[in-house]
Amino acid sequence: GVVVAVVGPYQLGEVDLKVTGSPEALPYFEKGLLLLHSFEYEDARAAFQKAQETDEDFAMAYWGEAMTYNQPIWHRQQAEKGRSTMARLGKNLNQQLAKAGTGLEKDLVRSLHVLYGEGEKADR
């Protein structure tokens, strides 16, 4: 279903993305996703981390946190922090993919290995 997130007096938007995670962790993920798409990277990171605390195997919560370290609007990327976030989900791609519940989730996890791969971002 569609989820509408409100932070203080502001409605951030709507989320309609089916992900596999515990029902208790989903609201934190959804809030993080809306904040991420509003360029509120630090607040989004905190929401994704809360989702991880609630469900430590919730692959998309780690994906979300990793995405907060890529800030294209400011031409910034903290690749090592993105990599270390994914390493907390699993030691390698196969372990990370094992925790991703759908094909889309697996594709998004794989995308981080391109986004945070070796070399300069423009060359990847």
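**Questions on the model**

User: Leaving aside neighbours within four places in sequence, which residues is Ala59 in contact with?

Analyst: Contact means that heavy atoms lie within 4.5 Å of each other. Neighbours of Ala59 within four places in sequence are set aside. The contacts of Ala59 are then Leu89, Lys99 and Ala100.

User: What kind of model is this, and from which number are residues counted?

Analyst: This is a predicted model, where local features need pLDDT of at least 70 and side-chain atom pairs count only at pLDDT 80 or more, while totals for chains, interfaces and linings use all residues. Side-chain values use heavy atoms, with hydrogens and water left out, and residues are numbered along each chain, as its sequence is written, from 1.

User: In what order do the elements of the protein run from the N terminus on?

Analyst: Helices (H or I, at least four residues) and strands (E, at least two) are DSSP runs numbered from the N terminus. The protein has six helices and four strands. From the N terminus on, their order is β-β-α-α-α-β-β-α-α-α.

User: What percentage of the 124 residues of the protein count as buried?

Analyst: A residue is buried under 20% relative accessible area, exposed over 50% and partly exposed in between, with a 1.4 Å probe and protein chains only. Ala59, at 0% relative accessibility, is a buried one. Among the 124 residues of the protein, the buried share is 40%.

User: How many of the nine residues of H3 are buried?

Analyst: The buried residues of H3 are Ala59, Met60, Ala61, Tyr62, Trp63, Gly64, Glu65, Ala66 and Met67. They pack against H1, H2, E3, H4 and H6. H3 is largely enclosed by the rest of the structure, because the number of its residues that are buried is nine of nine.

User: What distance separates the C-alpha atoms of Ala59 and Lys106?

Analyst: Ala59 lies in helix H3. Along the chain, Ala59 and Lys106 are 47 residues apart. Their C-alpha atoms are separated by 8.9 Å.

User: How far apart are the end C-alpha atoms of helix H6?

Analyst: The expected span of a helix is 1.5 Å times one less than its number of residues. For the 13 residues of H6 (residues 103-115), that rule gives 18 Å. The model agrees, with the end C-alpha atoms of H6 separated by 18 Å.

User: Within what arc do the buried residues of H6 fall, seen down its axis?

Analyst: Glu105, Val109, Leu112 and Leu115 are buried in H6. The arc is that of the directions from the helix axis to the C-beta atoms. The buried residues of H6 line one face of the helix, because they fall within an arc of 115°.

User: Which residue forms a salt bridge with Arg110?

Analyst: A salt bridge is a side-chain nitrogen of Lys or Arg within 4 Å of a carboxyl oxygen of Asp or Glu. An α-helix has 3.6 residues a turn, so residues three or four places apart point the same way. At 3.0 Å, N to O, the partner of Arg110 is Asp107.

User: In which helices do Glu65 and Arg88 lie?

Analyst: The side chains of Glu65 and Arg88 meet in a salt bridge of 2.6 Å, N to O. This pair ties together parts that are 23 residues apart in sequence, because Glu65 lies in helix H3 and Arg88 in helix H4.

User: Is Glu53 buried or exposed?

Analyst: Glu53 forms a salt bridge with Lys50, the closest N and O atoms being 3.9 Å apart. Lys50 counts as partly exposed at 35% relative accessibility. Glu53 has a relative accessible area of 61%, so the class of Glu53 is exposed.

User: Which residues form a nonpolar patch on the surface with about 300 Å² of accessible area together?

Analyst: Patches are made of residues with over 30% relative accessible area and no salt bridge, joining like charges within 9 Å and nonpolar side chains (Val, Leu, Ile, Met, Phe, Trp, Tyr) within 5 Å. Accessible areas come from the Shrake-Rupley method with a 1.4 Å probe, and for residues only the protein chains shown count as cover. One member lies in the loop between helix H1 (26-36) and helix H2 (41-54). The patch consists of Phe39, Ile73 and Trp74.
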